There are 2 protein chains.
Amino acid sequence: VASGEFARIDRFLAAFRAAGGRTSGGSVVLGPGDDAAVYASPSPTALTTDALFEEVHFRRVWTTPEDLGHKALAVNVSDLAAMGARPTSFLCALGVPDDVDDAYLERLARGMAPLAARVGCVLAGGNFSRASELSLTITALGAIEHRTLRRDTARVGDAVILVGDLGEAAAELRLLMAGTSLPPGHSALNRPQPLVREGLAAARVASCAIDVSDGLVQDLGHVARASGVRLVIDDRRVPRSARFDRLTQGLDAVVKVSLVYAGGEDYALAVIGDGRRADDFGGVIIGRVEEGRGVEVEGLPPGTRLAGHDHFAR
Amino acid sequence: VASGEFARIDRFLAAFRAAGGRTSGGSVVLGPGDDAAVYASPSPTALTTDALFEEVHFRRVWTTPEDLGHKALAVNVSDLAAMGARPTSFLCALGVPDDVDDAYLERLARGMAPLAARVGCVLAGGNFSRASELSLTITALGAIEHRTLRRDTARVGDAVILVGDLGEAAAELRLLMAGTSLPPGHSALNRPQPLVREGLAAARVASCAIDVSDGLVQDLGHVARASGVRLVIDDRRVPRSARFDRLTQGLDAVVKVSLVYAGGEDYALAVIGDGRRADDFGGVIIGRVEEGRGVEVEGLPPGTRLAGHDHFAR
């Protein structure tokens, strides 16, 4: 920690609090300002870390700092939701290049605060470091009060249940990369909404779920592998949102399918369990669990290629 | 998470386990491989995050990957030690540039594992991301089983007690920056040893401590501010190690003093409390707490400037 850093941290925390965020209370016994925070919870704690790096996960010209702050927290909270955990707190480590000023950092904080407040997440601490590119590495904690939603508990006969929309974020990214600006309305790419309530409700009636963030097929592949089963999706049952249709107007059917199944950044939930309980958590049955291995999508146009999103691929 | 990433993560975890590290057990109910880890502890949990960025905190030519892995974990564990916490687990988020290969990442893991095993820290999860420069952002958790060592509990009449050595890391960095290689022996810069046992022992008899990582004077400044007291250090009582003397042979007295008090990266502990208990945790009394504010060092050569380490300064 550097002395210039302390003033930055103070300003960041002040902006976060001014925008409605909390830095103590709940499970956070001791918040920012000591060598470590102190956390206490009677429940088991879900614990996840996820990072956004400039040029890999975002471009500063394509996103406002408020959206970026929101998203960095949202992608972590989505992992908690997929465990059936109630978000309680987070730590925020920033890599800050020389051309990012305090005003930008304060806007990041102001973008995080409303989501943090809405899902009940207290900013317990963090770290600022000088870096050559902007990065946000968040660690989020959540309380597991019902079942833990795991990847290795899918059973033959279960239904595959989708909560949330697929393909919108990937369709938006496609527009941006083509130099087109986004249409008005809620941006799935810049403002993903983690499905916390849905995850908590699912944990009351199911024990298997995954965060859909790298494309449905790739993510369900983890469930298939961990559980030793085969997942079969029926394309006719996979909903397309009105916004997805608008974003993809005029695109080839094969491209649309690849955005839906392999686009990434959906931050939807796939819950695997009793299909009769899908309504309890706002889910739609899109497939079933069979004996075997891997993931199959029935009803796709011939020649469709469904790889997951891979930011290491070049 | 990207598909190329999964294979990398598997190799990283395998290397970590092969070198004696654990990825489950203890407080870690569910380790890597799901959307989040699951952690359960009856004690309050100390929670900290600290990052090492290439060119800011290290240069690949000056450090082996094993040393770098060790250090990234060590700086976090040192924060836990300064809270009086027993390390239990950690998450490891890596930013990986294209010219860092799997062999390098496996060597990072092998560097982390012995320290993790020695202090009882389980690797619960993490994240790999493509990035333009190498960075290691670790979040570490520890169990607080005695008192919490805070910064705001120093009282007038307390002693300032130092555990560990000052100035060696800064003296080593000075040599490296001058193009000189390090003398043989244990490198404080590359292999900091977090004082876990000492922190735990201190938490039985004291309630105030800080991790000395940015220079003693700057770090004690946080204690003075948080506690509303003045800390007076007696330079004659501050030990210099034999290695420090060797590393700084021929240097001006003012330079030596600045390395000791403002060099940074010492990962020593400053405990503030009853001086009669200093032996309980291997400490040496170096000063006292008075009414007032700020930090003073008595007995320094005139003209000595004692700023803390500031990696944002240019």
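Predicted model: local features only at pLDDT ≥ 70, side-chain atom pairs only at ≥ 80, totals over all residues.
**Stop 1**

Start with both chains in view. Chain B can be laid on chain A by a turn of 180° and a shift of 0.0 Å along the axis, with an RMSD of 0.0 Å. That is how a two-fold axis relates two copies. Now colour the interface. Of the interface residues of chain B, 100% are also interface residues in chain A, so the copies meet through the same surface.

**Stop 2**

Look for an open sheet of 6 strands, in the order β1(A)-β2(A)-β3(B)-β6(B)-β4(B)-β5(B), with mixed pairing. Which strands stand at the edges? They are β1 (28-30) of chain A and β5 (122-130) of chain B; each has a single partner strand, so one side of each has no neighbour in the sheet. Looking along the sheet, you will find neighbouring strands turned by 25° against each other on average, direction ignored.

Zoom in on the place where the chains join. Strand β2 (residues 37-39) of chain A runs antiparallel to strand β3 (residues 45-53) of chain B, and 3 bridges join them. To see one of these, select Val38(A) and its bridge partner in β3(B), Ala46(B). As a reminder, strands of a sheet pair through backbone hydrogen bonds.

Helix α2 (residues 65-82) lies across β3, β4 (85-96) and β6 (135-144) of chain B, at about 145° to β3(B). Helix α3 (residues 102-119) of chain B lies across β4, β5 and β6 of that chain, and runs at about 170° to β4(B).

**Stop 3: strand β3 of chain A**

Move over to chain A and select residues 45-53, which make up strand β3. Is this strand mostly covered or mostly open? It is mostly covered, with 9 of its 9 residues buried. In a regular strand the side chains alternate between the two faces of the sheet. Here both faces are covered: Thr45(A), Leu47(A), Thr49(A), Ala51(A) and Phe53(A) are buried on one side, and Ala46(A), Thr48(A), Asp50(A) and Leu52(A) on the other.

β3(A) pairs with strand β6 (residues 135-144) of chain A in the antiparallel sense, over 9 bridges.

**Stop 4**

Counting over all chains gives 4 aromatic pairs. Select Phe12(A) and Phe128(A): their ring centres are 5.4 Å apart and their planes stand at 85°, so this pair is edge-to-face.

Then pick Phe16(A) and Phe90(A), another edge-to-face pair, at 6.0 Å centre to centre with 65° between the planes. Phe16(A) is in helix α1 and Phe90(A) in strand β4 (residues 85-96) of chain A, so this pair ties together parts 74 residues apart in sequence. Phe16(A) is buried at 0% relative accessible area, and Phe90(A) is buried at 0% as well.

Go back to Phe12(A) and show its surroundings. Phe12(A) touches residues including Cys92(A), Leu105(A), Met112(A) and Leu123(A).

**Stop 5: a charge over a ring**

Select Arg59(A) and Trp62(A). The charged end of Arg59(A) sits over the ring of Trp62(A), 4.7 Å from its centre. In chain B, the charged end of Arg59(B) sits over the ring of Trp62(B), also at 4.7 Å from the centre.

Stay in chain B for Thr63(B), found in the loop between β3 and α2. Thr63(B) counts as buried, at 12% relative accessibility. Its contacts beyond four places in sequence are Phe58(B), Leu68(B) and Asn190(B).

**Stop 6: a buried glutamate**

Finish at Glu172(B), in helix α4 (residues 168-177) of chain B. Is Glu172(B) buried or exposed? Glu172(B) is buried, with a relative accessible area of 0%. Show the residues in contact with Glu172(B), among them His186(B), Asn190(B) and Arg243(B). Leu189(B) is 17 residues away along the chain, yet its C-alpha atom is separated from that of Glu172(B) by 6.5 Å.

Technical notes. Residues numbered from 1 in each chain as written. Chains lettered and ligands numbered in written order. Heavy atoms only, no water. Phe/Tyr/Trp six-rings, centres within 6.5 Å; stacked < 30°, edge-to-face > 60°. Helix = DSSP H or I, 4+ residues; strand = E, 2+ residues; numbered from the N terminus. Buried < 20%, exposed > 50% of the residue type's maximum accessible area, 1.4 Å probe, protein only. Lys NZ or Arg CZ within 6 Å of the ring centre and 35° of its normal. Pairing = 2+ DSSP bridges. Axes fitted to C-alpha atoms, helices over the stretch in contact; angles between N-to-C directions. Contact = heavy atoms within 4.5 Å. Least-squares fit on C-alpha atoms with pLDDT ≥ 70 in both.
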